[in-house]
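Biologist: I'd like to learn how to read a model like this one. Could you walk me through it, feature by feature?

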Amino acid sequence: MRYDAIVAGLGGMGGAIAAHASAGGLRVLGLDRFPRGHDLGASSGGARMIRRAYFERPAYVPRVERAYELWHDLETRTGAQLLFPCGVLLAGHPDSAILAGALESAARHGVPIERLDAADIARRFAAFRPRADEAGVFEPGAGFLIAERATAAHLAMAEAHGADLRFECAVAGWEASDAGVRVRVASGETFEAGKLALAFGPWFDGFANDLGVELRIQRNVQCLFDAAEPRFAPGAMPGFLVDRAEYPAPLYGFPNFGAGLKAAFHGFGATTRADELDRFLSAADAEPLREHLDAWVPGAASHAAGGKVCMYALTPDEDFAIGAHPDLPNVVVAGGFSGHGFKFASVVGEIGADLLINGATHHDIAFLSPSRFAAAR
């Protein structure tokens, strides 16, 4: 059987592309090297932040606005709650680039936010201990997604629209021409289609060199703490991202919604390769996190409740790589999400499907085009 499109990789991004492409009428084959529901890639780890006042770049804000709409639509389709609007506080010195970037995005796109000083933060949120010279930007409509639940919902949507999803079926190679694409899997079997979407997550580095994208795979540690006091619960405590000079990277976390209070440094860890990742979470990994979390959220880090080692797939500029392959218009690229991509999975699914179906998208993704790396090839 010849398919209209093959989606290689069925994590958060690939699953979303398969869902939207099949809902758009394509005959879709989805391939993934791991079992369904695995926790080895970048689409696991529980809570993932979603926010509109995007300090990274204002150009992302319209995409995250659409992502919210599509997450709500997916909740309606599947009956699963995926998005939890607990609010998010960004905090640090008033001159912090994170606060400045959030304020710029909020002002440019009309995102509802509140500017808080240290006294406001302490009075509003009993869990936090701000310093006298710190300030905050609070976004009431921000919150978190449950990554595993969201990915499963997209896979269910894809199958409901007839997608053929095959797990434990690793892609061993692919080729493309004007006539279509051919994908070979580890068993030796080959599949043909009109178009191909590459969504390999941290394993994208094995395919990205042809694009000139030098991905850096970073080992990141997430910890859970058994913080059971009411001040650590949703409604009392929002999600947070705190920028302090002594941190190795900004510290972020989420209230305890039943699995524990989650905390991690955003973008701190050794460079590795996806297949060589050290997945053992050691005391040495956790101790700096515990120390700094205790200073910001006193009492939260007293009792460890687990954790996870994950990966960031970082592009050189830490913006995503989404769009048509520079040399192969029937190959769609979706990778390099640089540790801040999961919130966009729903809209990446729509964008990827647009490209597979129409060869173009109404979304402004010029700043994310893989062709920006072409000069490095």
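Biologist: What percentage of the residues of the protein chain count as buried?

Modeller: Buried means under 20% relative accessible area, exposed over 50%, and partly exposed in between, with a 1.4 Å probe and protein chains only. Here 56% of the 377 residues count as buried. Keep in mind that this is a predicted model, where local features need pLDDT of at least 70, side-chain atom pairs count only at pLDDT 80 or more, and totals for chains, interfaces and linings use all residues. Residues are numbered from 1 along each chain as its sequence is written, and side-chain values use heavy atoms, with hydrogens and water left out.

Biologist: Is alanine 126 buried or exposed?

Modeller: Alanine 126 counts as exposed because its relative accessibility is 58%. You will find alanine 126 in the loop between helix 4 (118-124) and strand 7 (135-139). Helices (H or I, at least four residues) and strands (E, at least two) are DSSP runs, numbered from the N terminus. From alanine 126 to phenylalanine 257 is 17 Å in space, C-alpha to C-alpha, and 131 residues in sequence.

Biologist: How many helices and strands does the protein chain have?

Modeller: The protein chain has eight helices and 20 strands.

Biologist: In what order do the three strands of the open sheet come?

Modeller: Two strands pair if DSSP finds at least two bridges between them. The order in this open sheet is 3-8-4, with antiparallel pairing. Strand 3 (47-50) and strand 4 (83-84) are the edge strands, each pairing on one side only. Four bridges link strand 3 with strand 8 (residues 143-146); within strand 8, leucine 145 is the bridge partner of arginine 48.

Biologist: And what joins strand 19 to strand 20?

Modeller: That is a hairpin, running through six residues. Strand 19 (residues 321-324) and strand 20 (residues 331-335) are antiparallel, with four bridges. Alanine 321 has glycine 335 of strand 20 as its bridge partner.

Biologist: What about contacts between residues at least 6 apart in sequence?

Modeller: Contact means heavy atoms within 4.5 Å. Among those contacts, 74% join residues at least 24 apart.
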